[in-house]
Amino acid sequence: MTPARMSACGYVRDFLPCALAGRGAFEPCDELRQTLRRHIAQVDERITELAKSRSLLESILATM
């Protein structure tokens with residue numbers, strides 16, 4: 001299984017309790033909101049890391 005597919009399975013697993021907790025329709029639960037906020041924070045951290053790497057690469061290229 002690819003990392004992207006494994007990640008997608010994780011997201012589905014996160015959504016299931018909200019969908020199966022005796023509700024007639026999907027309603028986001030607090031646990032899901034927390035999980036999504038955590039994932040957003042992780043993405044933000046990764047974006048920051050990538051921006052720093054990009055800047056460093058641009059600096060190296062500019063000196064060539």
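Analyst: R54 and E58 sit four residues apart in helix α2, so about one helical turn separates them. Their side chains meet in a salt bridge, 2.3 Å from N to O. The term means a side-chain nitrogen of Lys or Arg within 4 Å of a carboxyl oxygen of Asp or Glu. Side chains of opposite charge can pair when their charged atoms come close. R54 is exposed at 53% relative accessibility, and E58 is partly exposed at 43%. Buried means under 20% relative accessible area, exposed over 50%, and partly exposed in between (1.4 Å probe, protein chains only).

This is a predicted model: local features need pLDDT of at least 70, side-chain atom pairs count only at pLDDT 80 or more, and totals for chains, interfaces and linings use all residues. Residues are numbered from 1 along each chain as its sequence is written, and side-chain values use heavy atoms, leaving out hydrogens and water.

The structure holds three salt bridges. Another joins E49 to R46, with the closest N and O atoms 3.2 Å apart. These two are three residues apart in helix α2, about one helical turn. E49 is partly exposed at 42%. R46 is partly exposed at 47%.

R33 and D30 form a salt bridge too, their closest N and O atoms being 3.5 Å apart. Both lie in helix α2 (residues 30-62), three residues and about one turn apart. Helices are DSSP runs (H or I, at least four residues), numbered from the N terminus. R33 is partly exposed at 35%, whereas D30 is exposed at 52%.
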